[in-house]
Amino acid sequence: MIFRISAAFLVGAFILLAASLSLSGYYLQEQQRLAAAGDVSGAMQEVETAARLDPFDTQPLQSKSLLLQRQGDNEEAADALEEAIQRDPNNYTPYMLLGLLEMNRLNDYAAAVQSYQEALELNPNASFVRTGLAQALVRKGDLEKAREQYEKLREADQISLQGLYDLGRIYVRTGDPEKGRETLQAAKRQAEAGLDNLGPSSRSQREELIQSVDLAIADALVVQGRYDEAREIVANSPSEQAPAILTLLNTDPEMYRESIEGSEIY
């Protein structure tokens, strides 16, 4: 008799849990609908309900964090992600989202590095996490460590165009300007490939990036002392920065070289 009562209790508990999880999914869908319609307040109510109904799922808290960021409540958004991490410490996604928030909204680069490192420990093959870590290291000023992360991405053929551009500039600033020039030229070739297939807006952005890559190649040549080659690139550049750079190259190239070596990537 006692066994039958216990079994019935367990069955009932499982049914209630399944119903709760199902309702949590429903409220998450409602949150997405309301958020898309611009009703942030309504979406917040739905996502908080979903979080209460499923105390194991990190998705409601991740959604809550994004809603809070839309409202400018970045500290509370970080708290929501910390709570998500407590729910599931072995899920790399909340760590990754927290790193992104810390880097781009809170400007806490040391914390971002830590969050990305923890995410990478849980998912070592996530190229977007390693890219985030590299960017956070750059912003923190750890160019050597950022270089290591970008090199790993390049070795795995997972580096983005922006990453290749960053890596080239890092080489220039960490004592290997020739390798930097070669890497930047590779970035330029990649940027030019498929340029004709882009729409007007994307093509314009890509062309601006190519101009920046050209100026970075000129910087690499300056660090090598190859001033005439650098002047030729800058003189032919349509970039708005080119005239000022050309003036510096013509008046005091050594001072300009020193400014490159001590400059930041971002």
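Tutor: Ala, Val, Leu, Ile, Met, Phe, Trp, Tyr, Cys and Pro count as nonpolar, Asp, Glu, Lys and Arg as charged, and the others, Gly among them, as polar. The structure to which this is applied here is a predicted model.

Student: How do the residues of the lining of the largest pocket divide by these classes?

Tutor: They comprise seven nonpolar, four polar and four charged residues. The pocket itself holds about 200 Å³ of space. Among the 15 lining residues, those closest to its centre are Arg-173, Leu-215, Ala-216, Asp-219 and Gln-241. Helix 11 contributes the most to this lining, with four residues.

Student: Why is the contact of Asp-142 with Lys-140 called a salt bridge?

Tutor: The closest N and O atoms of Asp-142 and Lys-140 are 3.0 Å apart. The cut-off is 4 Å between a side-chain nitrogen of Lys or Arg and a carboxyl oxygen of Asp or Glu, so the pair qualifies.

Student: Why does Arg-147 count as buried?

Tutor: Its relative accessibility is 15% and buried means under 20%, so Arg-147 counts as buried. The side chain of Arg-147 meets that of Glu-151 in a salt bridge of 3.3 Å, N to O. Both residues lie in helix 8, four residues apart, about one turn of the helix.

How values were computed. Residues are numbered from 1 along each chain as its sequence is written. This is a predicted model: local features need pLDDT of at least 70, side-chain atom pairs count only at pLDDT 80 or more; totals for chains, interfaces and linings use all residues. Side-chain values use heavy atoms; hydrogens and water are left out. On a 1 Å grid over the protein atoms alone, a cavity is a set of points where a 1.4 Å probe fits but cannot get out, and a pocket is an open set with protein on both sides within 12 Å along at least five of seven lines; lining residues have an atom within 4 Å of a point. Grid points are joined across faces, edges and corners, and a volume is the space filled by probe spheres set on the points. Helices (H or I, at least four residues) and strands (E, at least two) are DSSP runs, numbered from the N terminus. Buried means under 20% relative accessible area, exposed over 50%, partly exposed in between (1.4 Å probe, protein chains only).
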